[in-house]
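Take a look at the sequence and the 3D view, then read on.

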Protein chains: 2
Amino acid sequence: MKVIEVHRSVTDSNDRDAQELREELLRQKTLLINLMSSPGSGKTTLLSKLVTDMKEDTRIGVIEADIDSDVDAVKMESYGAKSIQVHTDGMCHMDAGMTRRGIEELGTEGVDIAILENVGNLICPAEFDTGAHLNVMILSVPEGDDKPLKYPLMFSMCDALVITKMDTRSYFTFDLEKCESHVKKLNPDVEIFPVSAKTGEGMAELENYLRGQFHGRIDEN
Amino acid sequence: MKVIEVHRSVTDSNDRDAQELREELLRQKTLLINLMSSPGSGKTTLLSKLVTDMKEDTRIGVIEADIDSDVDAVKMESYGAKSIQVHTDGMCHMDAGMTRRGIEELGTEGVDIAILENVGNLICPAEFDTGAHLNVMILSVPEGDDKPLKYPLMFSMCDALVITKMDTRSYFTFDLEKCESHVKKLNPDVEIFPVSAKTGEGMAELENYLRGQFHGRIDEN
């Protein structure tokens, strides 16, 4: 497994770079998903479960973006996913140029869905188009049902919201209906998936959604 | 309760502004604490407990910084703390100028310890001196014991680390010793306080530390 160092892109035209990357990946038949959340929301555990559950029909590759460390990429490799670690040199988000470097190092050969595990942060990543076809965010039950009120941009711009650690909801006071209602006010079209990677609850629905996105956007293009 | 909108400071000299604010607050006999963590780590619950437990001998004022919403400041007022909400207009951190605006609106009259609840983010707030006398960070048990590896700057620059939600450690696999050892490698002088605001575990030690910091830095000056 390689670790690469990426730095802030020299170009100011992030939106154009993102659009170019998105189109190139369509031609290469790889769906790119930008996965965002705060630290400790269970991104890596969720990814491990997706890689394992879907490996018979969908080959997932993982780009792990972190300020430092390679613990996540090492973990993903142990689950059999093609993976690459990207260090952001202190940067709090990934942009399109940094994502392109990650994609080039990962390679799209044999990768149906490439998942960019963005830096753990609910603020800055929401402001930069990475070139992904789909923006997915994770909120974990221990973080609380009021988070859509506090980080509105992230909840507004995602295509899907995965609510993780649902197995802990008897321990924490998390009102799923209230949370969904906050999110739908900001983002009426968002798809919401409450799951537990530990018990498997809700995973089939999420996996079918991802398969549908892959076939709808890639196979039909 | 007032809500104020703050924007990026016009001055580039954040470090100088921070130092000036720090000295002014010493003369006004108010200790300023910059409290940082990721979203959902239990900052507001911890603060409520501190305000309630310490009100007989230490008057705590709270500056709640958020991108949006005033849910936290309303909660803090209900616990009897003097409090002010600061909106950062999308900014992912507080700087010294923004903190000064918050302090001016809060007022230091009758405030022994002013706590700035920084924006929920483990990255950007670590890069900006707010003018605080003490930097305290929170890590919650559900976030995981590997976070020091992933957010080294934040763990390196804090004076104290509070590990919250200790009552949930039977539910999550969180190795306290491993976590402490990661943190001490980055920051040998850090003080670490494992607590649960729910059960009260460890709160007396943290409160005595805060009292000691107040008396050591303010009374003796």
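What follows is a short tour of a few spots in this model, which is a predicted one.

## Two helices side by side in chain B

Let's start with a pair of helices. Two packed helices are described by the angle between their axes and the distance between the axes. In chain B, helix 2 covers residues 43-54 and helix 3 covers residues 71-78; they pack at an angle of about 20 degrees, and their axes are 10 Å apart. Because angles under 35 degrees count as roughly parallel, helix 2 of chain B is roughly parallel to helix 3 of chain B. The crossing of helix 2 of chain B past helix 3 of chain B is right-handed.

Which residues make the contact between helix 2 and helix 3 of chain B? Helix 2 of chain B supplies B:Thr44, B:Leu47, B:Ser48 and B:Val51, while helix 3 of chain B supplies B:Asp72, B:Lys75 and B:Met76. Sorted by class, the residues of this contact in chain B are three nonpolar, two polar and two charged.

Helix 3 of chain B also holds B:Glu77.

Now for chain A. Here helix 2 (residues 43-54) and helix 3 (residues 71-78) of chain A pack at an angle of about 20 degrees, with 10 Å between their axes. That angle makes helix 2 of chain A roughly parallel to helix 3 of chain A. Helix 2 of chain A goes past helix 3 of chain A in a right-handed crossing.

On the helix 2 side of chain A, the contact uses A:Thr44, A:Leu47 and A:Ser48; on the helix 3 side of chain A, it uses A:Asp72, A:Lys75 and A:Met76. The residues in this chain A contact are two nonpolar, two polar and two charged.

## Where the chains meet

Next, find strand 7 of chain B, residues 160-164. Four of its five residues are buried, so strand 7 of chain B is largely enclosed by the rest of the structure.

Strand 7 of chain B pairs with strand 6 (residues 134-140) of chain B: the two run parallel and are joined by five bridges. One bridge to look for links B:Ser140 to B:Thr164 in strand 7 of chain B. Strand 7 of chain B also pairs with strand 8 (residues 191-194) of chain B, in the parallel sense over four bridges. In that pairing, B:Ala160 stands opposite B:Glu191 of strand 8 of chain B.

## Lysines with a positive phi

In chain B, B:Lys165 sits in the loop between strand 7 and helix 7 (176-186). Its phi is positive, about 60 degrees, even though B:Lys165 is not a glycine. B:Lys165 has 28 C-beta neighbours inside 10 Å, so it counts as buried.

Chain A has A:Lys165 in the loop between strand 7 (160-164) and helix 7 (176-186) of chain A. The phi of A:Lys165 is near 60 degrees, a positive value in a residue other than glycine. With 28 C-beta neighbours inside 10 Å, A:Lys165 counts as buried too.

## A buried aspartate in a loop

Our last stop is B:Asp145, in the loop between strand 6 and helix 5 of chain B. Why does B:Asp145 count as buried? Because B:Asp145 has 23 C-beta neighbours inside 10 Å, and 20 or more is the cut-off for buried.

Leaving out residues up to four places away in sequence, B:Asp145 touches B:Phe174, B:Asp175, B:Lys178 and B:Cys179. The C-alpha atoms of B:Asp145 and B:Leu31 are separated by 30 Å, and these residues are 114 residues apart along the chain.

Technical notes: Residues numbered from 1 in each chain as written. Chains lettered and ligands numbered in written order. Predicted model: local features only at pLDDT ≥ 70, side-chain atom pairs only at ≥ 80, totals over all residues. Axes fitted to C-alpha atoms, helices over the stretch in contact; angles between N-to-C directions. Parallel < 35°, antiparallel > 145°, perpendicular 65-115°, else oblique. Left-handed = near helix turned anticlockwise from the far one by under 90°. Contact = placed C-beta atoms within 7 Å. Nonpolar A, V, L, I, M, F, W, Y, C, P; charged D, E, K, R; others polar. Buried ≥ 20, exposed ≤ 12 C-beta atoms within 10 Å, placed from the backbone. Pairing = 2+ DSSP bridges.
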